[in-house]
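Have the structure open while working through them.

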Amino acid sequence: MTAGAIAWRSVGTPRAAAVVRPHAADPDAPLRRRGAIQIVDAVKYYGVGESRVLAVDHCSLDISAGEVFVVVGPSGCGKTTLLNALAGFHPLDAGSIHLDGELLCGPGREKAPIGSDRIVVFQNGALFPWKTVLENVAFGPAMRGAIPRDELLERARRRLAEAGLQGYEQSYPGETSSGVKRRVEIVRALMNDPAVLLLDEPFRALDALTKAMMHEALIASYLRNGSTVFFITHDIEEAVFLGSRVAIMTSRPCRPKTILSVDIRYPRSRETVTSKRFRELVAEATTAVHEEALNAYALGEKEG
Amino acid sequence: MPQRPAHVQAIRVGLANVRGLSDLRSEALDAVLLAAEEGETDDGQLVYGETEPVTHLYVVQNGRIRLERVGSSAEPVRVGPGQTFGRHVLAGVRGERATSEGPSSLVRIPEAALLEALAGKPGRPQSLQAPIGGPAPAVEGATRRARAAAQGLLRSLGGNALQCLRSPAPYRRLLGYALFFGSWYLAVEAWALPHFNRLPGITEVVHEWLSKDPTFGLSIYTPEYYAHIGSSLRRVGIAFLLATAAGVPIGLGLGASTTFREYVFPVFELLRPVPIPAWIPLAILVFSGAEAPIVFLTLLASFFATALNTFLGVRSIDSKYVLAARCLGATPWQVFRHVIVPGSLPFVLTGLQISMGVAWFSIAAAEMCSGQFGLGYVINTSYTMVKFPTIVIGMLTLGVLGFLTSAIVRLLGERLVVWRARELSMERP
């Protein structure tokens, strides 16, 4: 006789995905079966010939499904290169990337396909200024024609409302604040239920207060959605606050130097920031980043 | 009638066929459906045990459930699709164990909802209405959007008229005109400066223009005046439309396709600098009649202005928008339709305004060389026939028409790119 209760749900709601083991770094992470990323020996050069620069050198990362993986490193260390390769924007020169065991790019497949299973939230935001907030949010499913239009708009409205963005539906992005734009863009990405959400310093241009609000909003939507999050930042506190693991990268060429497991439970709140454990982790990360920043500085002097 | 997914509809039909539920009113059945839950079982999985209190009526959708009386020698009962179980438990009988034989799918209805429905009470009408997306919100959205668009347009036009009159802007404009016409008057008539004294004076021109019996035969009271205006307007209109119809697609092609650009752009850049008058002989050779060469000459410059601006518009689109659209699953055609076209629109509209301007530019040149009507023709023949005030009437009329038609193009354009107008109005302090 099989043990365990029947998973009852309201009539008409879709069946939940099969339950998988949460990743080791965060036992509280939403249960997911999609979104495990393996980067194996990624190599990327910039430029050609003698003057080419090694941007990423045999970088390997193993990211579990449903994890918030934060990458911290000095400017220009090649973090964005990894993200671009994951998204399918640029090819790697060597190495491979797998998503849930399937080859995204590597030998025999130069570039990963661009698709709605991996959605990028850009550094300066890429909401379409010619579409209203509602049209932006509905864009992905509308392009794929997956859902009837009325139902789709209704769902987009609901998602916006859940993110506290009701009232902005008919505004154009140009009419809203940068904080609202960022939130809308994250809602737009999550509307597609991506396996992986790729964020490239999305909160860089925001003021401290808005940034703090964005962190909590992101954690809330992450907990609801549970996509694997690949998050690039400079900001160590941001990294530790958001991440289940934080990878500190070496300065050029880019490779993981240390990977910290953040053993603080979600949902994290403002109180987390003042906790002793949080401070310890930030200090640890800061030391590692500082060394790399010095290396990068020395490298810059040599080149200059 | 609300639209339901097919399998939910199937469950509803299934419920309606269950004995005891078949005589329920439609709303009551909806309430039952709303309270119902579905679930799947594996082979051998327990639905409920003999000691559990059972609070639901179960309907088998697929598979088979074995019902056993614990401590009874009676043969187990098996229920299949469309049949119910657990009901007698509701009636207070206990000691039954329900087990799945093979994978099954079930629907269950809570006791309370069932009793409520059977008692003939209307279910929960509000919550039933909630998930049904009728046409109402869509209509509301459309009107709200139209209203927002209208407000944006008004805002872009500089708010209401009263506010406009309070600001210094209209007075500065009037003063600008006054300075221009004033210096004309002073230079030509009051002071009669050297060289300027050969020109027709403003009073002379205005007098001629408004005269019922004009000395040189052309004023606002003569039908010829409107014939000339009409024929120039028609030519410019046709040329503008043709230039737009050709220029926008070619500009989009130049911007969006590298291959197309490699083929076309060199030729485009070779022909673009050739001045309009240089085209006149060939135009007259190739096109028969008087109209066609003029329209051709008029549309040339407009075409280049429109195509070049459209091309620049496409190039101006940040590549992140294209990447974002592709990330969200857009096909290349959808990227073109939803990113390239709307993204280049502000540039296209600037191009159309320039295009309208240069159309008037070129038509004067074209009409001077051929044709029997039109303002360019008026200016040219007036020169040869020494009707100097009429030349100026022709020039001013060209100016006014060019000004008005460009303004119309701009207003239509602002209506098309409401988002840009609203963005700009936000930037204004």
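**Exercise 1.** State which helices of chain B the buried residues of H16(B) pack against.

Solution. Start with the terms: helices (H or I, at least four residues) and strands (E, at least two) are DSSP runs, numbered from the N terminus. A residue is buried if 20 or more other C-beta atoms lie within 10 Å of its own, exposed if 12 or fewer, and partly exposed in between, with C-beta atoms placed from the backbone. Two residues are in contact if their C-beta atoms, placed from the backbone, lie within 7 Å. The model is predicted, and local features need pLDDT of at least 70, side-chain atom pairs count only at pLDDT 80 or more, and totals for chains, interfaces and linings use all residues. Residues are numbered from 1 along each chain as its sequence is written, while chains are lettered from A and ligands numbered from 1 in the order in which they are written.

Next, list the buried residues of helix H16 (residues 375–384) of chain B: B:Leu375, B:Gly376, B:Tyr377, B:Val378, B:Ile379 and B:Ser382. These pack against helix H10 (223–256), helix H15 (332–369) and helix H17 (388–416) of chain B. Just after H16(B), B:Val386 has a positive phi of about 55°.

**Exercise 2.** Give the strand order of the four-stranded open sheet in chain A, and describe what packs on the sheet.

Solution. Two strands pair if DSSP finds at least two bridges between them. The order is S3-S2-S5-S6 (chain A), with antiparallel pairing. Strand S3 (53–63) and strand S6 (102–105) of chain A are the edges; each has a single partner strand, so one side of each lacks a neighbour in the sheet. From one strand to the next, the twist averages 30°.

Now take the pairs. Strand S2 (residues 37–46) of chain A is joined to S3(A) by seven bridges, and the two run antiparallel. In this pair A:Tyr45 is opposite A:Leu54 of S3(A). Helix H1 (residues 79–87) of chain A packs on the sheet and touches S2, S3, strand S5 (94–99) and S6 of chain A. The direction of H1(A) makes about 115° with that of S2(A); axes are lines fitted to C-alpha atoms, for helices over the stretch in contact, and angles run from 0 to 180 degrees between N-to-C directions.

S5(A) and S6(A) form an antiparallel pair with three bridges, in which A:Ile97 has A:Cys105 of S6(A) as its bridge partner. Their hairpin has two residues between the strands, and A:Asp100 takes a positive phi near 50° there.

**Exercise 3.** Describe how H2(A) and H4(A) cross, and list the residues that make the contact.

Solution. The axes of helix H2 (residues 133–144) and helix H4 (residues 178–190) of chain A come within 7 Å and cross at roughly 30°. Angles under 35 degrees count as roughly parallel, over 145 as roughly antiparallel, 65 to 115 as roughly perpendicular and the rest as oblique. H2(A) and H4(A) are therefore roughly parallel to each other.

On the side of H2(A), the contact is made by A:Val133, A:Asn136, A:Val137, A:Phe139 and A:Gly140, and H4(A) supplies A:Val184, A:Val187 and A:Arg188.

**Exercise 4.** Describe the side of chain B that touches chain A.

Solution. Begin with the counts: 38 residues of chain B are in contact with 33 residues of chain A. The elements giving two or more residues to this side of chain B include helix H1 (6–17), strand S1 (37–41) and helix H14 (319–327) of chain B. H14(B) gives the most, with six residues.

Finally, look at the pairing across the chains. Strand S1 (residues 9–10) of chain A pairs with S1(B) in the antiparallel sense over two bridges, and A:Ser10 is opposite B:Glu37 in S1(B).
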